[in-house]
Amino acid sequence: MQAWEFRMRYLRLYAYFLRFSMSRSMEFRLDFFFRIIMDLAYYAVGLGFFHILYLHTDSLGGWNMHQMRIFVAGYILVDAVHMTMFSNNLYMLPRFINHGDLDYYLIRPVSSLFFLSLRDFAFNSFINLIFAGGIVVWAVGTYPGTLGASGIAVFLLLILAGALLYYCIHLLTILPTFWTQSGESLHQLFYNLSRFMERPDRIYRGSIRLLLTVALPFGLMASFPARLLLEPFNWAILAQLLAVLTGFLFLISFIWNRGLRAYSSASS
Amino acid sequence: MPLNLALRLFALEFKRAFAYRAEFWIGFLGNALSQFGVAYCLWAAMFAGLGKTILQGFTLPDMALYYLLIPLVERVVMGPEMNHISSEIYEGTLTRYLVYPVAFFRFKYVSALAQSLVFAGQMAAVVGVFLLIFGVPPAYHITGSGIALALLASAIGTLLYFVLAACLEMVAFWADNVWSLMVLNKLVLHFLGGGLLPLVFFPQAMQTILKLTPFPYLVSFPLRFLMGGMSMAEMETGFGVMAFWIVVLSLLASGIWRRGVKQYAGVGI
Amino acid sequence: MIEVTGLSKTFRVHKKEPGLMGSVRSLFQRQWHEVHALKSVSLRVEAGEIVGLVGANGAGKTTLVKCLAGILNPTAGSASVLGSTPWERRDGFRRQIALIMGQKAQLWWDLPAADGFLLLREIYRIPEAEYKRSLEELAETLQVGDKLTTQIRRLSLGERMKMELIAALLHHPRVVFLDEPTIGLDLTAQRAIRDFLLRYREAHQPAMLLTSHYMEDIERLCARIIIVREGEIVYDGGLQEVLSRYAPHKQLSLRWDPAPGEGIRSDLVPASLGEIVSAELGLLKIKVSRSKVAEIASLLLQRLPVADLNIEEEDVGTIIEALIRKQ
């Protein structure tokens, strides 16, 4: 009962974040549209890339072109969810830490990590999220085989797990700011590494594969959900995805608390 | 622009580049190595899956060097800081250039060129290390004149990119933020310029059209001088198209500038 | 309400060496030097008290406030605020305190205050009826009822601060920390906020700890002050007692019309009365012990044809300023 009340309270808080973000984005800004177009271009480039590649091959990473489309739709969805819910907040976080602006978040009887990760909901990206959803519908609709409704539901759920994992890694590249005061280059590294998410996991072999599916799990955020949808069900993949996600969730909450402690011991 | 001022600007940019050494190298290597890593894994899988050793004239080592060079060329040509013009517009610091006895764009371009030069130094270091370790892959014919022409093409490329980016940055006269436009610009350039896939993989019709756009000249064109098979006619067309776009975009930029400054002054900053 | 014993806070500040070699060396061997922001501070604050925390910049006021609000972990010592240790940041503790920093805004810049208040209602789980009552009361006392739906950024500085106060007090905190609440405000706004704080205390009796650079704030609001200097408490007591402790004298000024040909007559005013500050023809200034003021004044009135007598008290503000600067 208490857990239920707890969840409802955070949901209500999130409803406020949504409301605030919405009323702020109501002010007309050209930038709002630029960002929508920017993300649409990102989707188009992803689809175009594989389209051209499949002019020269029938299969890549074990998938034909139709299967690859579903994978691409999946990573676009991961990116869109992240952009909508987390990206702006994480972008601001180093500033908050460096300027001592965490003070007001620490005195509130609410999780500061929840507050700081979700307070700004990006409505421009939400529009992109709708487009991304459209791409998923298109990829599934043009798929020649049959995909069960339950399979698709599980796929979407796992894509959400992938987005959460993506957020965890992004946050991990920002948390050092608690100790170093400047995390710009690491943050940049996250954007560079996110490229690894945009390719099917089977192209990574050997130690690189181990790296990309465990320690820097860009290889499994979109690939594993797609594999579970497109290929015979494989417990090992599902278990690995969920285990890695759980591990990273624990890791960020552990480091976040250490970070707050560092913040609390640092200068006035 | 007086030579002294140009040299002073160069010195300033070098100093800045070295002031943030760690970030400078992490940013550079992170980008180059991740692009290279992703592409290498992909092509290794492609070659293995098809059971071929040559695709569109590329062997796997050719591909490796191609994808190593791409981020480097992009860094030289398109590396100079984003938002350097737009941020001056927002922050109202543009006014000081309006009173300086020096043309705004020349001033900005010289700073950009200085940054490019720093990046070119990095590029030489990275390519040198690669060639020392792996040797020269088969598709490349690296000659003195090839290097000279590649550098020339890159240098002209910096000017082309500069006028293109300036047009977009000046949208800041009317919009409150243009970084997303700049990201969009780089994304499109990267793809249509041959950064994700060498242009020979594109459908024939698309290749023909792309050759008339500015895109390839900012990304993969300079590389072609280091690889075999560049005909004289192709070279002439290439430089001609670049010159054409530089003129067109410069005219466009100066038009936008005139209208923008008029409106900027009107706001009364 | 607040009980602090032996609280110390030491920061380790990393000394950065200039140049490339300096940075490289500092990677392996960092030079630290310690800053003692608080040195074994002890104090108590009861409900209904407004205690003024006074000190120069860097004396440790803000550090103390942040420790007690749970933002900073101290190096040593203990504190109990409402029965819990602040830096454990328990929800029960956080629900009953408020922190107002004049230099940092808590409300969303581009939203109306009313929206921010709604969020705070959810955060502090304030029941609907109580929320309404308390918002109405606060907005009315601060006279900003008509500004609630205006974007914060369109408000004046004074109005913004009033909104911050409402935001902080909506949940009826039992302990309130105010760090420079009037900084940068004009005199009218400062006065309005002071009046409000006094009324608020009257009505709700919270324990309040206030830091301010403005002596006026301290004099008007605080019956008790704590003076902090270099991390140590150098005075803790009543505001007026500062005078008797650090200004044991008052100054008498006497003016009279001298008779023609009269010289300066020190014989009329023996040195035993007090320290003569200045003696000119027709004007005498003398510092006398606080307890003997009345006695000496009447004595002098008898001896001299006084036209005007003035008893001057040293200004509390001046004395405190002097104490802060260690004079």
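Visitor: How do you know that chain B and chain C do not touch?
Guide: Two residues are in contact if their C-beta atoms, placed from the backbone, lie within 7 Å. Chain B and chain C do not touch on that test, and their nearest C-alpha atoms are 9 Å apart. This is a predicted model: local features need pLDDT of at least 70, side-chain atom pairs count only at pLDDT 80 or more, and totals for chains, interfaces and linings use all residues. Residues are numbered from 1 along each chain as its sequence is written, while chains are lettered from A and ligands numbered from 1 in the order in which they are written.

Visitor: Which of the two touching pairs of chains has the most contacts?
Guide: Chains A and B. Chain A puts in 32 residues and chain B 33. On the side of chain A, α2 (30–53) and α9 (184–193) each supply at least two residues. Helices here are DSSP runs of H or I with at least four residues, strands are runs of E with at least two, and both are numbered from the N terminus. The top contributor on the chain A side is α2(A), with 13 residues.

Visitor: What makes a residue on that side of chain A nonpolar, polar or charged?
Guide: Its type alone. Ala, Val, Leu, Ile, Met, Phe, Trp, Tyr, Cys and Pro count as nonpolar, Asp, Glu, Lys and Arg as charged, and the others, Gly among them, as polar. The side of chain A that touches chain B then has 18 nonpolar, eight polar and six charged residues.

Visitor: What makes up the contact between chain A and chain C?
Guide: 19 residues of chain A meet 30 residues of chain C. From chain A, α1 (2–25), α4 (103–106) and α13 (235–265) each give at least two. α1(A) gives the most, six residues. By class, this side of chain A has eight nonpolar, five polar and six charged residues.

Visitor: How do you know whether chain A agrees with a compact globule?
Guide: Compare the radius of gyration, taken over C-alpha atoms, with the globule rule: 2.2 Å times the number of residues to the power 0.38. For 268 residues the rule gives a value near 18 Å; chain A has 19 Å, so the two agree. Its C-alpha trace spans about 60 × 45 × 45 Å along the principal axes. The secondary structure is 13 helices and zero strands.

Visitor: Why is helix α12 of chain A called largely enclosed?
Guide: A residue is buried if 20 or more other C-beta atoms lie within 10 Å of its own, exposed if 12 or fewer, and partly exposed in between, with C-beta atoms placed from the backbone. Seven of the eight residues of α12(A) (223–230) are buried, so the rest of the structure largely encloses the helix. Among them are F224(A), R227(A) and L230(A). The buried residues pack against α3 (65–98), α7 (149–174), α11 (218–221) and α13 of chain A. Across chain A, 38% of the 268 residues count as buried.

Visitor: What makes strand β6 of chain C enclosed?
Guide: Five of the five residues of β6(C) (175–179) are buried, so the strand is largely enclosed by the rest of the structure. V175(C), F177(C) and D179(C) point one way, V176(C) and L178(C) the other. In a regular strand the side chains alternate between the two faces of the sheet.

Visitor: How do you know which strands pair with β6(C)?
Guide: Two strands pair if DSSP finds at least two bridges between them. Strand β5 (97–101) of chain C joins β6(C) by five bridges, in parallel. β7 (207–211) of chain C also pairs with β6(C) in the parallel sense, over five bridges. D179(C) stands opposite M101(C), and its bridge partner in β7(C) is T211(C).

Visitor: Why is the β-α-β unit of β6(C), helix α7 and β7(C) called right-handed?
Guide: A crossover is right-handed if, with the strands pointing away from the viewer, the path from the first strand over the helix to the second runs clockwise. The unit of β6(C), α7 (187–204) of chain C and β7(C) is assigned that hand.
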